[in-house]
Amino acid sequence: MTIHVLSDQLASQIAAGEVVERPSSVVKELVENAIDAGSTTITIDIRGGGRDLIQVADNGNGMPADEIETAFQRHATSKLQSAEDLWAIRTLGFRGEALAAISAVSHTTIVSRDRQAASGTRLVLEGGIVVEREPVGAPAGTVIAVENLFYNVPARLKFLKSITTEKRLIDEFVTRYALAYPGIRFRLSHDNRVTFQTTGSGSTADVLLAAYGPDVTQQLIEVVPSAPGQAANDERLPTVRGFISDPALNYSGRNHIQLFVNGRTIRDTRLTFAVVQAYHTLLPVGRFPMAFLFIDMPPAEVDVNVHPTKVEVRFRDEGSVFSAVQRAARGALMETAPARGLGNWVPSDQGLTGWAGFRPRAERDDMPSGQLDIPWQIQGPAPEQSIGQEAPAVSLPAVETTRLPIMRVIGQVGAAYIIAEGPDGLYLIDQHAAHERILFEQFMTQRRGQGIVSQGLVAAATVYLSPSQSHLVEENAGLLSALGFEIEPFGPNAFRIRAVPAILSRSDPAGALAAVVADLENETTPLQKEIEALVVKRVCKTAAVKAGQALTRDEMEAMILQLEACEVPHTCPHGRPTLIHLSAATLARQFGRT
Ligand code: ADP
Ligand code: MG
């Protein structure tokens with residue numbers, strides 16, 4: 001092949017790949033443009049997860065008729081003049097790439113009317129080429145409809161995930177922008193069904209309520225920006241405001257930590273870590289908070305021109321941003337700590353230093369005491385027994401290596417561990433981990449056998465989810481029902497739980513489902529078996545007795561018996577140990593007897 005310059009169209013297609021990776025990137029760029037245009041209402045209509053249609057309508061400034069075609073050329077922008085402007089950017093866009101990129105890989109129709117103009121213009125582009133243009137009557141503002149995305153880039157089409165995944169990514173972006181711009185009224189619908197809308201009241205809390213529902217919002221703590229003067233009165237220093245979760249609300253992944261810099265949603269592992277650090281000793285290892293933090297600073301302090309999609313930024317003084325974020329989050333946590341109940345929060349192994357709100361156990365009113373009536377065993381015939389009856393009389397190869405010896409309960413320490421004596425020394429059993437293991441094996445046996453026993457709720461519980469979480473529930477409806485959940489839609493992003501797996505009959509059904517959904521959100525495996533195991537583990541974890549619950553001797557004995565019957569008694573389903581063994585020899589050595 002000879003060296004030659006690529007055709008404009010091919011060059012545009014290649015460049016488009018950087019900006020428009022998937023339907024959600026189109027939504028992001030169009031919404032950013034609508035925000036930059038000073039809109040107060042933005043309406044987003046999606047069909048087929050964005051493959052069939054992405055339409056964004058706004059009531060912003062609109063475009064003058066004689067500029068509208070230019071807007072679709074590469075590197076055409078009204079937001080930047082000179083190189084210095086790059087350091088004073090107040091708009092979300094500035095690269096002039098989005099409209100060119102989007103129209104290069106789709107069928108795009110735009111209707112726009114400049115506020116001052118008497119009529120609007122309608123333009124149709126196919127693969128970036130203008131095929132129609134006419135004046136039309138239209139309200140002030142802009143409507144852009146993107147159809148047949150990637151129709152001319154079949155390779156891209158193949159890389160798209162399921163429609164549900166694409167919908168979820170779109171939901172995430174729209175929710176983020178709604179949070180960053182609470183003064184704008186957003187409405188998002190999928191296939192003609194409104195799934196998310198905000199009032200434009202200007203209050204971030206209102207948007208949180210619309211996106212995450214009352215259960216989650218109630219558990220958020222407001223981060224108020226530090227008073228000027230307190231932070232050396234240096235205006236280059238960032239201010240940080242927003243909301244972070246009470247430690248009781250935590251997740252198994254970091255993806256609920258959302259950061260915004262000057263109104264732009266960004267990804268930054270260091271700043272995410274700053275948030276996580278603020279929770280040091282307040283959360284169990286491997287658990288992460290929810291956070292929505294809005295960081296504002298002079299544009300000259302941050303380079304937004306690092307990445308074509310503008311989701312990564314570089315700070316001039318990274319250290320000061322890091323400490324500002326950490327200080328703001330930690331400050332908010334400490335301020336509210338004394339008033340906070342412990343809820344279902346399980347203390348971490350790392351100790352409780354720095355946790356100002358920790359009260360001794362005796363003072364905690366939310367601590368269950370005495371008789372718990374714990375569901376030790378899943379109802380229904382235990383298949384192990386029938387196997388036992390049919391077992392041949394000859395003795396099988398020893399499985400003692402994995403099985404536990406017979407143990408005698410001595411007592412409980414710290415309302416968390418059972419002490420027992422075995423043939424060879426002492427056993428300390430983690431009551432929560434052990435119970436999780438027991439329930440997990442019983443649940444899986446039941447699933448393989450006659451199926452999961454479901455328990456109807458006397459009063460159906462309502463759970464409010466984010467739009468993306470709702471999609472996950474819909475996507476996994478079959479699995480959830482097979483595992484004993486009976487769930488029905490109850491308005492946009494709300495569900496009614498009518499029945500739960502029987503082992504959850506004593507747990508909060510809405511909390512249990514929310515926890516399952518949070519796990520699903522963090523999981524990326526396409527393997528149905530792994531997804532199922534994830535849900536089952538969560539169900540068992542929720543049903544299992546917690547640390548902090550005092551147990552009666554009968555309850556402890558029942559637990560030890562059940563644990564002895566497990567196939568893999570030494571670890572919980574998540575792989576943590578269920579027990580620590582101090583052999584007679586270890587004890588003797590420790591006491592200097594040998
Ligand atoms: P950028 O946003 O980086 O400037 P785009 O390709 O996204 O580049 O848009 C090109 C130009 O088209 C913008 O600079 C803006 O002037 C105009 N434009 C795009 N979308 C809108 C809109 N919704 N309302 C008004 N003007 C718009
Ligand atoms: Mg733009």
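This is a predicted model: local features need pLDDT of at least 70, side-chain atom pairs count only at pLDDT 80 or more; totals for chains, interfaces and linings use all residues.
Residues are numbered from 1 along each chain as its sequence is written, chains are lettered from A and ligands numbered from 1 in the order in which they are written, and side-chain values use heavy atoms, with hydrogens and water left out.

Let me begin with the strands. Helices (H or I, at least four residues) and strands (E, at least two) are DSSP runs numbered from the N terminus, and two strands pair if DSSP finds at least two bridges between them.

A second hairpin, with two residues between its strands, is made by β17 and β18. Here β17 (residues 417–422) and β18 (residues 425–430) are antiparallel over six bridges, and isoleucine 419 has leucine 428 as its bridge partner. β18 is also joined, antiparallel and by four bridges, to β22 (residues 579–582); in that pairing isoleucine 429 faces leucine 579.

I turn now to ligand 1. There are 18 residues around ligand 1, and Asn33, Thr77, Ser78, Lys79 and Gly96 come nearest; a residue counts if one of its heavy atoms lies within 4 Å. By class, this shell holds seven nonpolar, seven polar and four charged residues. The nonpolar class is Ala, Val, Leu, Ile, Met, Phe, Trp, Tyr, Cys and Pro, the charged class Asp, Glu, Lys and Arg, and the others, Gly among them, are polar.

Oxygen atoms of ligand 1 lie 2.7 Å from a side-chain N or O atom of lysine 79, 2.9 Å from a backbone N or O atom of phenylalanine 94 and 2.8 Å from one of glycine 96. Alone, ligand 1 exposes 530 Å², of which the protein buries 92%, by the Shrake-Rupley method with a 1.4 Å probe.

Finally, the second largest pocket. A pocket is an open set of points on a 1 Å grid over the protein atoms alone, where a 1.4 Å probe fits, with protein on both sides within 12 Å along at least five of seven lines; lining residues have an atom within 4 Å of a point. Its lining comprises 46 residues, with Thr165, Arg168, Leu169, Glu172 and Glu521 nearest the centre. α5 contributes the most, seven residues.

Notes. A polar contact is a pair of N or O atoms within 3.5 Å; within protein, one must be able to donate a hydrogen and the other to accept it, and residues adjacent in sequence count only if both atoms are side-chain atoms.
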